[in-house]
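Dear colleague,

Please find the structure below, handed over for your use. My notes on what was found in it follow directly after.

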Amino acid sequence: MTKTDTITAIATAPGEAGIAIIRISGPDTYRIADAIFCGRGDKPSQRPPFTMAYGSIVDHEGQRIDDVLMLFMRAPRSYTGEDQVEVHGHGGSISCQRILRRVLEAGARLAEPGEFTKRAFLNGRMDLVQAEAVLDLIKARSERAAKAAVDQLSGSISLSLSTIYDDTIAAHADLEATMDFPEDELPEAVMEDIKHRLDEIRSRTDALLATWSDGRLLREGALIVIAGRPNVGKSTLMNVLLGQNRAIVSDTPGTTRDTIEEGYILNGIPLRLVDTAGLRETDCDIEREGIRRSHDHLGKADGTLYLIDASAGPTEEDRQNLARLSPEKTIVIWNKMDLAPDVKAGASGETPHKTLYISLKDAVSAGKIRAALSDLLHTEYRQGAEQQAVISERHRAILVEFQRQLECAVQLVIQRREDQVPLASAHLRDALETLGTATGRVYQQELLNTIFSRFCIGK
């Protein structure tokens, strides 16, 4: 890729739709637009930016390919920071492909995944954190996730990271300045002031790191595992929560032999609901593998709905399973209460986990489970967290390493020894280089390729 290329791609999703959009960006944009567009009035290259024109895309012989609207933008005031044109044609797979082929024939090349956004970064239109927010917004599965992405796109995380970066540079410069003083002439208050500033930077970094779990839940969704022995109502619960018959329900034990996963939105938080194989001893190799996968999911779960058949009561296997599950992340559901209406009094104190007594045949049971699950998730996800900066896994790894280098520098500064100052300064330089990769102040081509390869071609 070179910034002297002019690139193009279809920016809308494939399939039947009202319109399809083809993007063109680069130095030859308006030469290509003049070659392919036929309409009344001035050529595209003579038109003012932020206007549209109606006309046709024509082939090299002047034959009409499609009637379109063409939107004109000029560098640097465009998404990519380059001359840019968008062609709005009829939707469908054939028409937009014909327009794309015509643009390629006129001299553009097909864009790489994420190349439009990569150019926006390279041209200073956004930093890496904001570029990643574009992808988060595209992939958002809930309104809260979309709000968090928009907040990140507006620069909230970038501002926090940049402030930490700038303050670390200032502390580093003052630390290096101390090397010009003889040890016996350096005021003790200077080193104390530097330590205080580094401690304050560390506290702000801690606050950003604390948002990672919120960001993970918004981006990836909370993993909620439905578990229990066979025939306690796990598949029925899955169907009730989803409002559709997604899992097979049968009186035959061991019907579910593999995990079944579905997406679900609960109060704006995306969930990954997983119905698992019944937990029991079995001689069936297939069912045993399903049970192994059930335990694997339980180990990763953000929350567990563990079902017990109220009419039969808990078994020793149930007690052993619950002993391995965190009370903070587990809801025990005594199902089939219609068959055992008096079981609640005898079950009191059976487990330290939050407990519900229901019958899934009762229409109000689903609401009780949703309310309990919402309360459980809010111990993980702080209400209103989407209004704050919520960092990604990449940012978390960067901040963890930044904190490590910062801590090394602080420990050396505490010693107040002249011979330790150069080493403390080196740690701060490494910390700054690490932190700079978050927003793109410091980057390598491999980093950009890794980030932007996750984008679709038209973005």
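A residue is called buried when its relative accessible area is under 20%, exposed when it is over 50%, and partly exposed in between, with a 1.4 Å probe and protein chains only. Helices (H or I, at least four residues) and strands (E, at least two) are DSSP runs, numbered from the N terminus.

This is a predicted model, in which local features need pLDDT of at least 70 and side-chain atom pairs count only at pLDDT 80 or more, while totals for chains, interfaces and linings use all residues. Residues are numbered from 1 along each chain as its sequence is written, and side-chain values use heavy atoms, with hydrogens and water left out.

Overall picture

The protein chain holds 16 helices and 13 strands. Of its 459 residues, 49% count as buried. Contact here means heavy atoms within 4.5 Å. Among contacts between residues at least 6 apart in sequence, 67% join residues at least 24 apart. The chain exposes about 21700 Å², of which carbon and sulfur atoms supply 51%; accessible areas come from the Shrake-Rupley method with a 1.4 Å probe, and for residues only the protein chains shown count as cover.

Strand E12 (residues 330-335) is largely enclosed by the rest of the structure, because six of its six residues are buried. Thr330, Val332 and Trp334 point one way from E12, and Ile331, Ile333 and Asn335 point the other way. Two strands are said to pair if DSSP finds at least two bridges between them. E12 pairs in the parallel sense with strand E11 (residues 303-309) over six bridges, and Asp309 stands opposite Asn335 there. Between E11 and E12 the chain passes through helix H11 (residues 316-323), and this β-α-β crossover is right-handed; that is, with the strands pointing away from the viewer, the path from the first strand over the helix to the second runs clockwise. E12 also pairs in the parallel sense with strand E13 (residues 354-357), over four bridges. The bridge partner of Trp334 in E13 is Tyr357.

Helix H15 (residues 421-439) has 19 residues and reaches 28 Å from its first C-alpha to its last, close to the 27 Å expected; the expected span is 1.5 Å times one less than the number of residues. Its buried residues include Ser425, Leu428 and Leu432. An α-helix has 3.6 residues a turn, so residues three or four places apart point the same way. Which residues does His172 touch, not counting residues up to four places away in sequence? They are Ser425, Leu428, Arg429 and Leu432. His172 itself is found in helix H6 (residues 156-177) and is buried, with a relative accessible area of 10%. H15 is followed by Gly440, whose phi is positive, near 100°.

Ile24

Ile24 lies in strand E2 (residues 19-25) and counts as buried, at 0% relative accessibility. Leaving aside neighbours within four places in sequence, Ile24 is in contact with residues including Thr6, Ile7, Thr8, Ile36, Val85, Val87 and Val103. The C-alpha atoms of Ile24 and Ala11 are separated by 9.9 Å, and these residues are 13 apart along the chain.

Cysteines

A disulfide is a pair of cysteine sulfur atoms within 2.5 Å, and by this rule the count comes to zero. Cys96 counts as buried, at 7% relative accessibility, whereas Cys456 is partly exposed, with a relative accessible area of 44%.

Yours sincerely
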